[in-house]
Amino acid sequence: MKKTTNLRSLAARLIEQVVDKGQSLGTILPAAQKGLSDKDSALLQEICFGIARTLPQLDALIGKLMERPMTGKQRTIHYLLMVGIYQMLYTRIPPHAILAETVEGAVVLKRQSLKGLINGVLRQFQRRQTELLEELTGQSVNLLHPSWLIKRLKTSWPAQWQQIIDANNQRPPMWLRVNRQHHSRDQWLKLLAAEGMTGFSDDLSVDGVRLEKPAAVHQLPGFSAGWVTVQDLSAQRCAQYLAPQDNEDILDLCAAPGGKTTHILEIAPDARVLAVDVDEQRLSRVTENLARLQMQAEVKQGDGKTPADWCGERQFDRILLDAPCSATGVIRRHPDIKWLRRDSDIDELATLQAQILDAVWPHLKAGGTLVYATCSVLPQENHLQIAAFLQRHPEAQPVSLPGGDINGLQVFPQQDGGDGFFYAKLIKTA
């Protein structure tokens, strides 16, 4: 009889890799889920993403329950305690089951001697939960963000920082993009309703649908046939602002995993699209997405700072640059970003973005359009980046987008809306 996997010990190891070793959940979680049932896979994801979302609160609670933190070789047990406390706070799993499985996790982690400690700490939390949570009332740990990011948000957006943080702490909605080459959005919504599911449209995207409840992609009508793609509402606006046309040469730079590449081809199926990304492994996702949607594009590995290496002197009618960024607008979707990013990263990213912008600009034809986009809410990567670019390039003519200004459009994450994103649209006048 096959021994079942102890998900709690597995979750503790994954969180340790994120917090102490800088690994992304997006990279390490899929490998850990291989071989698990759908139910166990979903629970492992719920625990890992949930802990990443609430880490400061869990840390503070453990600090109140233990005299000394677990360090060194025992550090994994600190994260195992987080696993237990998170489940008690945020899941409907019966407490006796949480205790049993979390204590058993110590055995799997070869820390059998600490079973009594884990059992005692979790039982103490169970008894004192209300009291302990009240002690944290009004403390910054309840913002669930690192102090450097809170400071930047307060400085950049004094009127909106709390709204941004609150939205980041929510679970994200599931947005889809209907492939207009197969169905209109309204037609596909009827197919969705026939499957017993509910979706909502939004004026910000002619193709966008928000599901009432998240669903597995195999449940979506025509997913395998390319009728619909999972893509956030804000991400869908990139290709819309680019406004691609048939028979144009279009560059999608920093293209992986290919959501925007395929959206460009849904809008303009006869465009000649070159999709480029520096990450060869992630680039395979572009090829997979093109194959599922039965689309053709040229896919190349290349560094945005040196476009001549992968396109020579070639010029394009339109360029979409979804630039490398802090991803501070998609924290609700990737909560581990809060613990993977550092304050020093922001200036480094802004420098990289400027280098890519300056390098790719000569490859835009006169009269051509460049859309610069990030999934960030920090001005250094967005409005200030574009303002500096316009100073360096007087031949760049900004196009004001609805709700934005001359230096671009910043949107914040919304509970039932899109992620945090920035867009700037530039025309090359000469």
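1. Start with Cys375 and its surroundings. Not counting residues up to four places away in sequence, Cys375 touches Cys325, Ala327, Thr328, Gly329, Val330, Gly420 and Phe421; contact here means heavy atoms within 4.5 Å. Cys375 sits in the loop between strand S9 (364–374) and helix H16 (383–392). Helices (H or I, at least four residues) and strands (E, at least two) are DSSP runs, numbered from the N terminus. With 17% relative accessibility, Cys375 counts as buried; the classes are buried under 20% relative accessible area, exposed over 50%, and partly exposed in between (1.4 Å probe, protein chains only). The UniProt record, an unreviewed entry, lists Cys375 under "active site". Positions from UniProt are given in the numbering used here, feature names are shortened, and annotations may be inferred rather than shown by experiment.

2. A word on what you are looking at. This is a predicted model, in which local features need pLDDT of at least 70 and side-chain atom pairs count only at pLDDT 80 or more, while totals for chains, interfaces and linings use all residues. Residues are numbered from 1 along each chain as its sequence is written, and side-chain values use heavy atoms, with hydrogens and water left out.

3. Under "binding site", the unreviewed UniProt entry lists Cys254, Ala255, Ala256, Pro257, Gly258, Gly259, Lys260, Asp277, Asp303 and Asp322. Ala256 lies in the loop between strand S5 (249–253) and helix H11 (259–267), and Pro257 is found in the loop between S5 and H11 too. What is the peptide bond from Ala256 to Pro257, cis or trans? That bond is cis, with omega near 5°.

4. Ala256 is buried, at a relative accessible area of 10%, whereas Pro257 is partly exposed at 28% relative accessibility. Leaving aside neighbours within four places in sequence, Ala256 is in contact with Asp277, Arg282, Leu283 and Val286. On the same terms, not counting residues up to four places away, Pro257 touches Arg282, Arg285, Val286 and Asn289.

5. Cys254 deserves a look at its backbone. Cys254 has a positive phi of about 65° although it is not a glycine. Cys254 lies in the loop between S5 and H11 and is buried, with 16% relative accessibility.

6. Lys110 is another residue to check for phi. Its phi is near 60°, a positive value in a residue other than glycine. Lys110 lies in the loop between helix H5 (95–108) and helix H6 (115–135). Is Lys110 buried or exposed? At 70% relative accessibility, Lys110 counts as exposed.

7. Over to Gln87, in helix H4 (residues 75–90). Gln87 has 0% relative accessibility and so counts as buried. Leaving aside neighbours within four places in sequence, Gln87 is in contact with Arg8, Ile47, Ile93, Ile98 and Thr102.

8. Helix H7 (residues 147–156) has Trp148, Leu149, Ile150, Arg152 and Leu153 as its buried residues. What do they pack against? The buried residues of H7 pack against helix H8 (161–168) and helix H15 (343–360).

9. On the annotated domain: the unreviewed UniProt entry gives "domain: SAM-dependent MTase RsmB/NOP-type" for residues 164–429. That span is 31% helix and 25% strand, and its end C-alpha atoms lie 36 Å apart.

10. Finally, the whole protein. There are 16 helices and 12 strands. The radius of gyration of the protein is 23 Å, close to the 22 Å that the globule rule gives for 430 residues, so the protein is as compact as a globular protein of that length. (The radius is taken over C-alpha atoms, and the rule is 2.2 Å times the number of residues to the power 0.38.) The C-alpha atoms fill a box of roughly 70 × 50 × 40 Å, taken along the principal axes. Buried residues make up 54% of the 430. Of the contacts with a separation of 6 or more, 73% are between residues 24 or more positions apart.
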